[in-house]
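Subject: Structure handover

Hello,

Here is the structure I promised you. Please open it alongside this email; my notes follow below.

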Amino acid sequence: MIKDISEQVLNEWLENVRPYAYDGQVADYIPALGRQNPEDLAVALHYLDGDTVEAGRTEVRFTLQSISKVISLALALMDNGEEYVFDRVGMEPTGDPFHSIYRLEQIPSKPLNPMINAGALAVTNMIHGATPDEKVGRLLSFVHDLTDDHSIRYNAEVAGSEFETAFLNRSLLFYMKQHQIVTGSVEETLDAYTKQCAIEVNVCQLARIGALLANEGRDIASGRRIIPKHLARICKTFMVTCGMYDASGSFAIKVGIPAKSGVSGSVLASLNDFGGIAVYGPSLDEKGNSVVGLKLLETLSNRYDLSIF
């Protein structure tokens, strides 16, 4: 296991990529995210032996946004099984934007994968729970297990901001309801989804989730099985093929680490035989990925030959 990345080195690399913080812009189309500070940069490594290294503003909490799609997928698979989930959501990557409705017009009319918005909405719809709060409560309990931190909550302001402006996601849900991909109330599913995306963590908590996935679904500290091994593998595979939106192909070539980004500027990475990596940098590129996050992960991958390819 590579373990010669000291806190000093990590700080130096973070400072080296700091100038890129203003090469993009924060996700101001979600009003509550528009107030994020582009200079709030942080990174954490969580090794498979439990050791951690961190640098930057590691105390800053941010919302998971699309990173939550990995967590909700794992829970939906545990709730329903692979056949049920993948009868309704596909397994193929797409070059379309993450919010595109175009592919839903194809036959069969189902989302191509769980990492785009349509697929993630369908996955949230599958999570067991009679009400949105029950679904979100189960998701939060799952995150508490993944991080061993019961203080984690969702940010009500961000959730409300997203819910009020989620016109395209409503359209995706109505379209999928027409084709029996989702069931029940569109508004209730959207309520659960926006609260799911608004779950707040810091980089250290997020890196621990990455390490658990790298450890085949077992908690590193306790050894307890949280996610079945084959489901952890499925989640990591989707991170490779679809995790960085329609930049997943170029990311695989330049970095080659299973990863998932969120429009809060966070990136979760999970690497077998290494552990979990989490990066936070709110400025996004045109694809919706953290500019600083991409640069730092590329540096780590190239310096230590971390690519899985």
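Helices (H or I, at least four residues) and strands (E, at least two) are DSSP runs, numbered from the N terminus. Keep in mind that this is a predicted model.

Ser-290

By that numbering, Ser-290 sits in the loop between strand S7 (275-280) and helix H12 (291-304). Is Ser-290 buried or exposed? Its relative accessible area is 0%, and buried means under 20%, so Ser-290 is buried. Its side chain has two polar neighbours on the backbone to look at. A polar atom of that side chain lies 2.9 Å from the backbone nitrogen of Gly-293. The backbone oxygen of Gly-265 lies 3.4 Å from a polar atom of the Ser-290 side chain. Leaving out residues up to four places away in sequence, Ser-290 touches Gly-265, Val-267, Gly-281, Ser-283 and Leu-284.

Annotated positions

The unreviewed UniProt entry lists Ser-66, Asn-117, Glu-162, Asn-169, Tyr-193, Tyr-245 and Val-263 under "binding site". I looked at two of these.

Ser-66 is in the loop between strand S3 (62-63) and helix H2 (68-80). Ser-66 is buried, at 5% relative accessible area. Beyond four places in sequence, Ser-66 touches Asn-117, Tyr-245, Lys-260, Ser-261 and Gly-262. Asn-117 and Tyr-245 are also on the UniProt list.

Val-263 is in the loop between strand S5 (259-261) and strand S6 (266-271). Val-263 counts as buried, with 5% relative accessibility.

Cores

The largest nonpolar core has 63 residues. Which of them touch the most other members? They are Leu-206 and Ile-227. Domain 1 (7-60 + 203-217 + 229-302) and domain 2 (66-199) both give residues to this core, so it lies between them. Another core, of 29 residues, lies apart from it; Leu-10, Ala-21, Ala-55 and Val-279 are among its members.

Ile-227 is worth a click. Setting aside neighbours within four places in sequence, its contacts include Ala-74, Met-78, Phe-142 and Leu-146. Leu-212, Leu-213, Glu-216, Gly-217 and Ala-232 are also in contact with Ile-227.

Strand S1

Strand S1 (residues 42-47) is mostly covered, with 6 of its 6 residues buried. Ala-42, Ala-44 and His-46 point one way, and Val-43, Leu-45 and Tyr-47 the other. S1 pairs with strand S2 (residues 52-56) in the antiparallel sense, over 5 bridges. Ala-44 has Glu-54 as its bridge partner in S2. The two strands form a hairpin with 4 residues between them. Gly-50 in the turn has a positive phi of about 100°. S1 also runs antiparallel to S7, joined by 6 bridges. There, Tyr-47 stands opposite Gly-275.

Best wishes

Technical notes: Residues are numbered from 1 along each chain as its sequence is written. This is a predicted model: local features need pLDDT of at least 70, side-chain atom pairs count only at pLDDT 80 or more; totals for chains, interfaces and linings use all residues. Side-chain values use heavy atoms; hydrogens and water are left out. A nonpolar core is a set of buried Ala, Val, Leu, Ile, Met, Phe, Trp, Tyr and Cys residues joined through side-chain atoms within 4.5 Å. Buried means under 20% relative accessible area, exposed over 50%, partly exposed in between (1.4 Å probe, protein chains only). Domain bounds come from an automatic or database domain assignment. Contact means heavy atoms within 4.5 Å. UniProt positions are given in the numbering used here, feature names are shortened, and annotations may be inferred rather than shown by experiment. A polar contact is a pair of N or O atoms within 3.5 Å; within protein, one must be able to donate a hydrogen and the other to accept it, and residues adjacent in sequence count only if both atoms are side-chain atoms. Two strands pair if DSSP finds at least two bridges between them.
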